[in-house]
Amino acid sequence: MESFEAKVEAFAEEAGVLLKSPASQRARRGMPGRAFFLDDHNILALTRDNGDSRYPYGHRGFNFWVYASGYMHANEGLFSYLLRANEGREPQVAFFAGFPNGSDRFEPLPLLAVPKVVNPCDADAVRYTVLTSSAAYFFTEWERLRFAVRAAVTEGKELCFSLLASNLSDRSREFFLSSFLNPYLRNQIFESEEDRWFRQVSILPPTPGPGSLASFLVRVNEDIDRTRAVSHLGVIRRYLSLSPGSSLVRHEETASRHRYVGGQQSSLHTARALLQGTFGRPQAVCTFVETAIAGDLLHLTLGGGASARLDIVLTYLRDDESAARRLAAEPLQPGMLDAELAALEEDDRSRHKGLAVSVGPSADPRLEPLVFNGFLEHLKRQVEFCALLKGYVQLSVNSLIGIRDVFQALEALAFWEPVPTRAKMLEALSFTAPDGRCFRQYSLPFEGGEPGRVDLRPFIDQGVWVISTVATYLRVTGDWEFLEEVCGYHEIVDESAKRVRTAELRDSVLDHLLKIADYLLANRDHEYTGCVRALFGDWNDALDGLGVSRDPGKAYGTGVSVMATLQVYQNCHEMVELLEAVDATRYAKAIALYRRAATDLEKALRDFAIVVNDKGERRLLHGWGDRRSYLVGSFHDPDGKARDGLTTNAFWVLSGMLDRDPSIKPVILAALNRLDSKYGYKTFEPCFAEDVVEVGRIRKLPPGTAENGATYVHATAFAIAALFRMGEPRLAWEQLAKILPFTEIHENLSHSPFVMPNSYGYNPEKFIDGQNMNDWQTGSSNVVLKLLIRYVFGFEPNLKGLWVQPAAWVPFKSFDFNIRVRGCDVHLRFEDQGRSRRTFLVNGAPQQGTRDAMMNIEKLWVPYGLFDRGELEIQVTQ
């Protein structure tokens, strides 16, 4: 086990080489956002003014967000441990050092980049942050002193902060260390004026013994309802470890924010206690009249080469103050804390070793192998985060668990973490109505067991992702028993009030899939076109006007989503494939129904989704309004403009429709060309102006942002997958290089450059050029990872075997793709030697490939019987 001190030393040495050597920075091809990959794919992030990088830490629904700037916030559901503060506001957690200036005053030095102060020592300090998969490390170096702060969360949801001060010189130094913690501990995500009335912080005496310091007890009283109240308790324990040559001169603690910052009009940016080196009058308890906090000042002397370590742990308990006080009396053990965090790091490494990829030398300078390989590691963690989240990631009461969102992410996670994928699918499937309607979003039950918040808006596409994800899961795992698992439903009690209840009906996963498929088919436009009605909307939920009815007596009209129609067409084929594998005789009637439905949908798409102008040019529609009263993505949209939509063109390929009629390929490529932009394919071109009322709320988005004429990366990734599927790998890679956040084009990236963002805006008139709405929680991550697995590295599972189908062209001279599936360790090695034709070896034996005309490649079929050997070595050379 590597101690905190050893990690700090290793990170400081590695970062020091990089920061002091421009040659090292060039060799590592630094990412936008002033970030670099270190060894083991850890991230070195420097402070910047035009954005921030961040990493999520936590377990089982606990979200602890740590930013490279030093901002932090933590929540579990709607219960906030630490409120979010950003864009210059006072942070909830802060650490400082302070140096005497010879006149009973001190020069404070923030040990995080926030709060920002203006003084000489801060101006001369060198700061950097190292983000790992288990903890964040903040470094501040000034005049041969090095300070490091580690922020992490344990398996037991304890927030842990460790501060190490090291004297790198040979002379003695005097200074203070100070910590400021403002925990919230309430079922809210925003602060109110009344909160301080029901909050108290008390200072408890230290446990006898070296190193133990006073603890803080935070008590927050909250009414749950008229008859229930709860006391939230936070125990903040501290422990000081001193090396030989260091000593604690004196220390102070306070429970008062006013004592720390100087009064109601002051803030951490100009904290009086930091300037004076004292809190003045002691205050061991604070409540009601001001904000209660936990603050300290530790005045230290460090001899040459000496160090001091301060550990702080915040533990949450509920209602049991006796247990809280007993815990406060237990001294912290820094070694055990290091061991617990090391175990979390090993657990992370173990979870993700089931999928490992490494690319070789690159012919494209934008795709440096060291950066690309590091990005893939964090992309996996981003997908895992999106797949297994427990809701309220966006700190909004409406930030629930989206059915479409979570199933898309689970489809990717199934490749290397099938066990949690299985469990999460069972959880989400229970939020289906007995008629097969999947809820748009759900949340987990409240404490008493009653259903949580739900979003019942009938976006038609929810169920299509369920069927496709289960199909992929079965192809990857062969876990046919999953279809026999029993799970429940939720009945809608009052749709307008968003009230549901747990249904008595429980049946198998396969029964759920049958109901979902039937619900989707029942919502075809049987009156006019035979395509699937949009209802409230489809995947592109900003364009929510298609389903509006012209008849005041109807909630939804006959407006159609072509994308959803294509997805249901694909679902029909997936259901046929699954049912034939389960029991073709037993399900003969359903198989015939889905085959007939696929045929009908194919005809409807040909008849209505393709429009032709007077020049004979064709376009694929995004959809149309009630009774086909207007078209979107046509030669003449409601605003009179010719417009292209991205997702229909992508899913015409991904659904298999292009295989039925390859003559549509030039139509799709022409549309993609018109949709192209600086940051990749736009979702629509041109954007919608505010007066295009028919299309819904998308018109209220600023032009060039989100789905309205910007590169909404999720949709762009669909199109990139389609390009690979169409046998256009060079075009696909050109687009992929545009959306990958670490390429040099993204100099204005406003979020983390090592995971996928959700969009790139572009509207120079509004000073928007490459900034993002969000990172981490975005579907672009799973689509990018799936297209890399299936179409770049060429690992495409089927129900009976595996297609090995690396792209016809990749910018890397080689890659190694390692995955464990169906109890077999598969190693796929690809090398580009400039040959005219591919060759295949399986465990050293030559194999004959098969030509795929659509993808324009030679691919290899590997039956699952070969997986019984436990290991497979597959070599592809071209």
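A residue is called buried when its relative accessible area is under 20%, exposed when over 50% and partly exposed in between, using a 1.4 Å probe and protein chains only. By that rule E158 is buried, with a relative accessible area of 18%. The structure is a predicted model, in which local features need pLDDT of at least 70 and side-chain atom pairs count only at pLDDT 80 or more, while totals for chains, interfaces and linings use all residues. Residues are numbered from 1 along each chain as its sequence is written, and side-chain values use heavy atoms, leaving out hydrogens and water.

- Four strands form an open sheet in the order 3-4-5-6, with antiparallel pairing, where strands are DSSP runs of E with at least two residues, helices are runs of H or I with at least four, and both are numbered from the N terminus.
- Strand 3 (54-57) and strand 6 (79-82) are the edge strands, each pairing on one side only, and two strands count as paired if DSSP finds at least two bridges between them.
- Strand 3 and strand 4 (residues 62-67) are joined in the antiparallel sense over four bridges, and P56 stands opposite W65 in strand 4.

**Nonpolar cores**

- A nonpolar core is a set of buried Ala, Val, Leu, Ile, Met, Phe, Trp, Tyr and Cys residues joined through side-chain atoms within 4.5 Å.
- The largest nonpolar core has 233 residues, of which F64, F372 and W652 touch the most other members, and helix 13 (residues 562-583) gives the most to this core, with eleven residues.
- Leaving aside residues up to four places away in sequence, F372 touches residues including V359, W733, F742 and F812, where contact means heavy atoms within 4.5 Å.
- A second, separate core of 20 residues includes F4, V8, V130 and L344.

**Salt bridges**

- A salt bridge is a side-chain nitrogen of Lys or Arg within 4 Å of a carboxyl oxygen of Asp or Glu, and the count by this rule comes to 67.
- R237 forms a salt bridge with E158, with the closest N and O atoms 3.9 Å apart, and this pair links distant parts of the chain, 79 residues apart.
- R237 is buried, with a relative accessible area of 9%.
- D455 and R457 meet through their side chains in a salt bridge of 2.8 Å, N to O; D455 is buried at 5% relative accessible area, whereas R457 is partly exposed at 34%.
- D455 and R457 also belong to a network of salt bridges that links R404, R440, D455, R457, D461, D541, D544 and R697.
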